[in-house]
Amino acid sequence: MVDERDQDTSSSSLPSLSKQLAGTTLGGSANVPVVDLSVSDEEFLVREVVKASEEWGIFQVVNHGIPTELMQQLQVAGKQFFDLPETEKEAVAKEGGFEGYKRNYLGGIDNWDEHLFHRLSPPSIINYKYWPKNPPQYREVTEEYTKHIKRLTEMILGWLSEGLDLPRVALTQSIGDDTAEYALRINFYPPTKHSELTIGAAAHSDMGAIALLVPNEVPGLQAFKDEQWFDLNYINSAVVVILGDQLMRITNGRFKNVFHRAKSDRERVRISWPIFVAPRDDMSIGPLPELTGDDNPPKFETLLYKDYIDKKIKGWALEGLHSLLKTPKTI
Ligand code: OGA
Ligand code: NI
């Protein structure tokens, strides 16, 4: 699995600036949906998550069964890592690959963060070299959290499958069952006085299938819908579910791959813990035959996941080139 937001951060490898700045008004009336997973009416739940996936491609879940204490431990461990002196963080620094720690304060207004990225599952792809040894509880907490995230991801994919009139396992199978790759990125966004600009994470959709994210209490994540940006309300212990490009492609466009971005705060450190779920590189991904037909032809070509990634990154390069040629220098 690649760390998509750690591509070359020159302007030629990101969605064009015009796309990132599109529709700068913040929405007021509508809100990113919140789904309570503790309701006993499962059909209702299925309708809720499907509606949120069709209309928004992002929603928050509460009462999801992950112990609050474990979520707190994950956050404490992450914060303790980023609070270490630079030289200690460098112990797990990236070495040309995607895994490891990196300071990323060179991207101008596009990306401004420190982050740690490493794989979590399946066990065969884990490289503990990039997991911090300090704080000492990091590994145990992260492994425990991963188990819960995997269970929650499969539950959500199960409901989404049922809502599409498919067997419960359909979407999990479509991304390779237990071969699907889980990876954690801890984003650390220091305070910045320029937070009216999109410093932090530039607008993007996630390349994989689905991501489950927990933020610290500092708001900043925004979702794009109907040409507007919407702030996500912070809900203690909620998990944010973000649908990526592959679920859109697998469902032939029924589910949205939400365009989202993260702003940093003027005063406080913002940290977020997304776990990305994606198929293996050599898995072939395209619209499920059950979801296409004469009246609904495939809208996307079936591609190996690695070829999809190549195409997307090349697409950014082209877009960047266009915007460099078109955008006045003052922006
Ligand atoms: C990401 C992402 C948002 C955030 O890492 O892909 O969208 O809130 N992060 O940090
Ligand atoms: Ni993202």
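**Ligand 1 and the nickel site**

I start with His204: an N or O atom in its side chain is 3.0 Å from an oxygen atom of ligand 1, a polar contact, meaning a pair of N or O atoms within 3.5 Å. This is a predicted model, where local features need pLDDT of at least 70, side-chain atom pairs count only at pLDDT 80 or more, and totals for chains, interfaces and linings use all residues. Residues are numbered from 1 along each chain as written, ligands are numbered from 1 in the order written, and side-chain values use heavy atoms, without hydrogens and water.

Two further contacts to oxygen atoms of ligand 1 come from the side chains of Asn187, at 3.1 Å, and Ser272, at 2.6 Å. The protein covers 99% of the 290 Å² of accessible area that ligand 1 has on its own (Shrake-Rupley, 1.4 Å probe).

Next, the shell. Ligand 1 is surrounded by 14 residues, each with a heavy atom within 4 Å. β12 (270-278) gives the most, with four residues; strands are DSSP runs of E, at least two residues, numbered from the N terminus.

Now the metal. Which residues coordinate the nickel ion (ligand 2)? They are His204 (NE2), Asp206 (OD) and His260 (NE2), at 2.1 to 2.2 Å. Donors here are N, O and S atoms within 2.8 Å of the metal (3.2 Å for Na, K and Ca), and water is not among the atoms, so sites may look incomplete. The donor spacing in sequence is H-x1-D-x53-H. Asp206 lies in the loop between β6 (200-204) and β7 (210-215) and His260 in strand β11, so this pair ties together parts 54 residues apart in sequence.

Note on methods. A polar contact is a pair of N or O atoms within 3.5 Å; within protein, one must be able to donate a hydrogen and the other to accept it, and residues adjacent in sequence count only if both atoms are side-chain atoms.
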